Amino acid sequence: MKPTSARPSTRHLIIAVPWFWLALFFLLPFLFVLKISLSEPTLAQPPYMDLIREIEDGFVTLVINFSNYQLLLEDSLYLSALWGSLKVAAISTLFCLLIGYPMAYAIARSPLHWRLPLLMLIILPFWTSFLIRIYAWIGILKANGLLNNLLMGLGLIDSPLAIMHTPLAVYIGVVYNYLPFVVLPLYATLIRLDLTLLEAAADLGCRPWKQFLLITLPLSMPGVIAGAMLVFIPVMGEFVIPDLLGGPDTLMLGKLMWTEFFSNKDWPLASSLAALLLVVLILPFVLLRHFERRSEEGNP
Amino acid sequence: MKKLLHTFLPACLLAGAATASAADELHIYNWSDYIAEDTIENFEQATGIEVVYDVYDANEVMEAKLLAGRSGYDLIFPTARPFAERHIQAGLYQPLDKAKLEGLDNLDPVIMDSLASIDKNNAHLVPYMWGSSGIGYNVDKVREILGDDMPKDTWRLLFDPEIVAKLADCGVTLMDDPTEVLVAANIYRGADADDFSRDGIKAASEVVAAVRDDIRYFHSSQYINDLANGDICVAHGYSGDVLQARDRAAEADNGVNIAYAVPSEGALVWTDVMAIPADAPNPEAAHAFISYLLKPEVIAPITDYVAYANANRAATELVDEEIRNDPGIYPPEETQAKLQVTPTPSERQIRALNRSWTRVKTGQ
């Protein structure tokens with residue numbers, strides 16, 4: 001199907017709005033970050049040097065300092081933190097999909113009058129502040145918290161399980177918090193699925209699990225990818241959940257950026273970390289677009 | 001050095017841009033839980049100045065706002081070393097107009113002398129509260145594990161691998177503050193507290209690394225609740241915070257018995273000060289507020305409430321007897337002799353300290 005083409009001027013106008021939005025709220029701030037990342041820290045207000053400096057009256061010089069990026073690559077601390085964030089983001093995304101897919105599937109296949117209440121159950125927790133919900137997890141997971149007291153009361157364990165301040169607590173917090181971001185796009189895809197395809201497959205003798213693998217799963221891939229992106233990207237920069245639930249050995253970029261910005265007053269290094277994170281996040285998008293185009297060209 | 005909640009305030013920091021202030025509006029930025037409940041209201045009634053009162057839980061958060069410029073605050077409460085010290089060096093404060101401040105001569109000369117070494121002629125800073133950092137512990141549980149001849153007032157409770165291993169199941173915590181912890185480690189290993197040389201930082205980090213696996217967590221305020229609830233046994237903490245934990249446990253009557261000890265090897269003392277940012281919109285009102293807090297009858301009830309000693313000698317006798325006689329708050333002379341001011345690392349050393357600290361904490 002060909003898109004109905006509007007008159008060029010109107011079309012340009014409509015396209016200009018998102019471009020303007022991106023330029024103002026993404027490109028411009030990013031250029032600021034980039035500028036600071038090429039600077040040097042100093043004890044002043046603001047705590048970094050100008051790139052353009054006056055050397056003697058009227059003569060100016062441009063000083064660009066790449067040493068921040070050099071330090072990021074040389075000091076294993078930063079690459080370990082990047083690895084730590086990638087690991088947490090990848091594992092959390094996987095678990096969000098494993099838990100979220102059956103949930104979305106069940107809601108999409110439930111009777112019509114059940115769907116709205118079930119969706120509300122997914123959305124309702126969001127009406128409570130994010131911080132309160134994470135603090136609630138502290139109450140559940142801590143040494144003499146709800147979970148441990150329950151298990152000990154039932155006689156299943158003798159001494160409290162150490163969950164708080166471990167990577168497990170971070171995964172629980174992250175998966176809990178980001179689950180709806182997977183369920184909702186998956187539900188939106190699954191609800192539109194053409195059920196007659198499954199009937200046809202069944203008529204031709206295809207077993208249910210094979211129907212799922214060959215029809216439902218491939219057709220719901222856009223929802224899977226959208227959900228995965230909505231989890232993976234914010235978790236990469238997540239700071240609050242690992243800080244509140246994680247232990248001292250949780251090394252992630254968000255926390256490291258905080259240290260550089262606040263404790264070290266090293267805004268340039270913090271900015272170069274932010275720039276690095278952005279590159280790492282944009283790369284999968286670019287690759288995805290690339291493969292999408294190829295598959296579009298592959299089956300026109 | 002105070003605390004509460006957490007350190008995820010950068011969002012608020014970005015949101016709280018400068019606001020133009022009316023003539024009789026005073027913008028104060030102070031630590032959370034660091035003033036009596038009625039002080040602000042009484043000040044407003046006495047002067048007619050309207051106060052906008054914001055709080056932070058880490059010096060770093062306040063500092064980032066200050067460094068960004070045009071914070072819009074008229075009065076802030078930084079810790080003297082290293083924060084106020086470097087802000088003075090960077091020219092971020094305006095000199096006080098001492099003609100407008102009554103009662104400066106009530107301030108403890110020992111503290112004023114000490115501040116003069118970072119603030120020439122005491123031109124910018126007025127001391128607010130002070131305290132020490134040492135060890136808070138659950139008396140009964142530690143005795144149960146280590147026996148009656150347990151060490152009480154020594155850094156070995158936090159840094160001796162053998163002792164910490166025994167206490168690990170009960171819970172041992174360190175502050176999440178590289179200067180505090182690595183300086184304490186320096187004192188423990190018998191080096192100069194301010195040995196911030198490459199090798200000094202390395203050796204101090206190794207002291208912490210040796211016990212790291214037995215440390216429950218690194219945090220500068222969470223231990224208050226956990227000590228009070230009996231969730232942990234030994235915490236590296238600020239005097240007033242440990243005493244708050246003790247009082248909370250006593251209030252809850254949960255059988256948890258908390259004590260605070262200043263290690264005999266030596267410990268750090270800190271002073272929080274009041275300062276007026278150079279770009280304060282209403283320095284006039286800030287002076288009025290400092291004057292108000294200089295009144296002994298105003299500052300004494302604040303000490304009663306926050307459990308930290310103030311720097312006003314004339315106020316001591318007005319402080320609640322129980323607090324005045326508490327060696328954790330107003331330490332006797334032999335304890336004071338063990339206290340030393342927090343040394344200030346250079347900017348380069350701070351970055352080295354912080355990076356070394358992240359490494360130790362994360363076990364890299």
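Domain bounds here come from an automatic or database domain assignment. The structure is a predicted model. In chain B, the assignment gives domain 1 (10-125 + 275-294) and domain 2 (132-268 + 343-362). The C-alpha centres of domain 1 of chain B and domain 2 of chain B are 30 Å apart. Chain A is likewise divided, into domain 1 (10-65) and domain 2 (76-298). For domain 1 of chain A and domain 2 of chain A, the centres taken over C-alpha atoms are separated by 33 Å. Contact between these two domains of chain A involves 10 residues from domain 1 and nine residues from domain 2. On the side of domain 1 of chain A that touches domain 2 of chain A, seven residues are nonpolar, two are polar and one is charged.

The UniProt record, an unreviewed entry, lists several spans of chain A under "transmembrane region": residues 12-34, 81-104, 116-138, 168-191, 212-235 and 267-288. Two of these spans were examined in the model. Residues 168-191 of chain A are 100% helix and 0% strand, and the end C-alpha atoms of this span lie 33 Å apart. Residues 116-138 of chain A are 74% helix and 0% strand, with 30 Å between the end C-alpha atoms.

The contact between the chains takes 28 residues from chain A and 30 residues from chain B. On the side of chain B that touches chain A, two or more residues are given by each of helix 3 (59-68), helix 4 (80-89), strand 6 (217-218) and helix 17 (347-362). Helix 17 of chain B supplies the largest share of that side, with nine residues. By class, the side of chain B that touches chain A consists of 12 nonpolar, nine polar and nine charged residues.

Within chain B, strand 7 (residues 234-238) is largely enclosed by the rest of the structure, because five of its five residues are buried. B:V234, B:H236 and B:Y238 point one way from strand 7 of chain B, while B:A235 and B:G237 point the other way, and all are buried. B:V234 takes part in both pairings: B:Y137 stands opposite B:V234, and B:V172 has B:V234 as its bridge partner.

B:V234 also belongs to the largest nonpolar core, which has 109 residues. B:V234 is among the residues with the most contacts inside this core, together with B:L158, B:A185, B:L227, B:V273 and B:F289. Helix 9 (residues 178-188) of chain B gives the most to this core, contributing seven residues. At least three residues of the core come from each of domain 1 (10-125 + 275-294) and domain 2 (132-268 + 343-362) of chain B. With neighbours within four places in sequence left aside, B:A185 is in contact with B:F159, B:A204, B:V207 and B:V208. A second, separate core has 49 residues, including A:V88, A:A89, A:A228 and A:M257.

Conventions: Residues are numbered from 1 along each chain as its sequence is written. Chains are lettered from A and ligands numbered from 1 in the order in which they are written. This is a predicted model: local features need pLDDT of at least 70, side-chain atom pairs count only at pLDDT 80 or more; totals for chains, interfaces and linings use all residues. Two residues are in contact if their C-beta atoms, placed from the backbone, lie within 7 Å. Ala, Val, Leu, Ile, Met, Phe, Trp, Tyr, Cys and Pro count as nonpolar, Asp, Glu, Lys and Arg as charged, and the others, Gly among them, as polar. Helices (H or I, at least four residues) and strands (E, at least two) are DSSP runs, numbered from the N terminus. UniProt positions are given in the numbering used here, feature names are shortened, and annotations may be inferred rather than shown by experiment. A residue is buried if 20 or more other C-beta atoms lie within 10 Å of its own, exposed if 12 or fewer, and partly exposed in between; C-beta atoms are placed from the backbone. Two strands pair if DSSP finds at least two bridges between them. A nonpolar core is a set of buried Ala, Val, Leu, Ile, Met, Phe, Trp, Tyr and Cys residues joined through C-beta atoms within 7 Å.
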